[in-house]
Amino acid sequence: MAQAKVLPQYIAGLSASFGAFCMGASMGWSSPVEQMLTEEEAYGFPISSDQFGWISSLLTLGATVVCIPAGFVIDWIGRRPTMLALIPPYMVGWFLMLFANSVIMLYFGRFILGFCGGAFCVCAPLYSTEISTISTRGTLGSFFQLNTVTGMLYGYIIGGYCPLLTINILCAMLPLIFAVVHYFMPESPVYLAMKGREDDAVKSLLWLRGQHCDVRAELNEIIEETNKNTDEPKVSLWKALCRPITLKGISIAVTLQALQQWTGINAIMFYSTSIFEDVGSSLSGRVCTILIGATQVVMTLVAVAIIDKAGRRILLLISAFLMAITTCLMGVYFQMRDSDEESVASLGWLPITSILLFIIFFSIGFGPGPWLVMAELFSEDVKSVAGSIAGTSNWFSAFLVTKLFPLLKNGIGSGPTFWIFCGIAVLGFVYVLICVPETKGKTITEIQLILAGSKKTNDSENNEK
């Protein structure tokens with residue numbers, strides 16, 4: 001019997017996750033163009049700092065409102081068709097950015113870009129985990145975060161060295177590239193099995209595993225899992241979501257997604273250029289921002305390589321603990337600077353180093369971890385909607401953090417603001433330690449048993465150790 005091939009799974013997973021690259025480029029767009037828009041009036045009309053704050057944060061608000069509707073749509077028309085259907089509105093968003101002659105057009109453009117990117121955040125992680133084998137699930141599930149940060153780096157680089165029109169054109173091309181590539185990918189075999197299209201599910205599995213691979217056992221396992229709840233008395237989606245196991249999974253997924261944002265990652269990424277200029281770095285703010293983006297890409301690659309070996313939980317714990325230390329150091333630096341600027345004259349390296357270390361530790365744990373765990377926790381009948389609820393938590397938290405960061409920085413000072421992020425990272429460590437199970441190498445059934453507190457599962461885990 002031929003062994004399942006890995007390369008087709010990687011190709012399909014990377015293809016789906018290229019939607020995250022498109023979203024990452026939209027996110028990375030904000031930091032390098034701030035000065036172009038607010039000081040140089042690159043669009044030909046004035047944009048205030050407050051208006052730019054809305055331009056930045058409306059991306060995350062657009063992502064917030066689409067997550068739950070996207071969860072229903074992907075169960076209705078499928079994972080692959082949903083992602084392809086996002087391309088026309090994506091292009092509308094970039095056309096608004098290209099030809100904007102007012103701030104209102106920029107607001108609508110950024111909101112639509114966030115709307116489309118947020119839908120990818122529901123579709124891509126789910127699709128990637130559904131096409132993977134257990135041994136590759138962690139790697140494929142991490143592709144989403146990898147493409148997001150690579151897209152951000154792309155935005156930083158072109159934003160640092162190109163005029164605004166070129167930046168917008170180079171970003172607008174990305175959804176078209178996604179459409180061309182993903183058009184040739186298969187639909188998720190899990191979705192096809194859910195819809196009773198077993199012949200199509202076999203074709204999808206053969207594409208993903210190799211034409212000479214015997215996929216009957218895997219297909220039977222998928223069908224058994226998808227039919228498990230239909231064999232029981234029919235219940236509404238609301239009742240299915242209210243099952244104790246599902247509620248526990250939702251609480252874990254929602255909390256991890258919120259913690260990912262409230263530790264301050266998007267505040268640091270969106271305003272990184274201005275942060276570096278504030279500390280008077282010898283490097284330009286844009287170069288430092290590109291350095292941050294490159295660091296995030298490299299460390300996310302490391303996470304992709306080790307997450308199926310080390311496990312999700314241990315990486316989340318390490319990430320939270322060390323993020324707390326680095327944000328505390330940032331808080332100390334800015335507090336000292338605000339009290340006595342001369343006291344930090346020789347410490348300009350400290351915030352830069354702390355931010356780079358924060359990015360490293362975020363990227364190995366709280367970057368990819370919440371997205372991967374979100375896609376692993378739920379049974380098939382609620383996975384898409386439950387995952388979309390968790391995605392909503394992520395993007396609404398990102399919106400609040402992005403909007404509140406400059407207000408807090410101006411209101412209570414940069415030092416206390418970073419100490420708030422430090423305290424949240426500490427809470428994240430404690431929460432993961434107490435509440436988050438390890439999902440590495442577990443089937444959906446085994447994960448559901450862990451959430452239910454099955455003694456049998458816990459005993460088997462101890463025996464394996």
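**Aromatic pairs, salt bridges and a domain interface**

A search of the whole structure finds 18 aromatic pairs, a pair being two rings of Phe, Tyr or Trp (its six-membered ring) with centres within 6.5 Å; planes under 30 degrees apart count as stacked, over 60 as edge-to-face and the rest as tilted. One of them joins Tyr 90 and Phe 120, which are tilted, with 6.1 Å from centre to centre and 35° between the planes. Tyr 90 belongs to helix α4 (residues 87–98) and Phe 120 to helix α5, so this pair ties together parts that are 30 residues apart in sequence. Helices here are DSSP runs (H or I, at least four residues), as strands are (E, at least two), and they are numbered from the N terminus.

This is a predicted model, in which local features need pLDDT of at least 70 and side-chain atom pairs count only at pLDDT 80 or more, while totals for chains, interfaces and linings use all residues. Residues are numbered from 1 along each chain as its sequence is written, and side-chain values use heavy atoms, with hydrogens and water left out.

The structure also holds 7 salt bridges, each a side-chain nitrogen of Lys or Arg within 4 Å of a carboxyl oxygen of Asp or Glu. Among them is the one between Arg 79 and Glu 130, at 2.8 Å from N to O. Since Arg 79 lies in helix α3 (residues 79–85) and Glu 130 in helix α5, the pair ties together parts that are 51 residues apart in sequence.

An automatic or database domain assignment divides the chain into domain 1 (1–185) and domain 2 (233–453). Their C-alpha centres lie 19 Å apart. Domain 1 brings 52 residues to the contact and domain 2 brings 51, where contact means heavy atoms within 4.5 Å.

The area buried between the two domains is about 4200 Å², with 67% from carbon and sulfur atoms; buried area is the accessible area (1.4 Å probe) that two parts lose on being put together, summed over both. On the side of domain 1, Arg 137, Gln 145 and Tyr 156 lose the most area to domain 2, together 14% of what that side buries.

Arg 137 also takes part in a salt bridge with Glu 376, the closest N and O atoms being 2.7 Å apart. The count of salt bridges between domain 1 and domain 2 is 1.

Helices α1 (7–38), α2 (49–76), α5 (103–131) and α6 (137–161) each supply at least two residues of the side of domain 1 that touches domain 2. The largest share, 18 residues, comes from α6.
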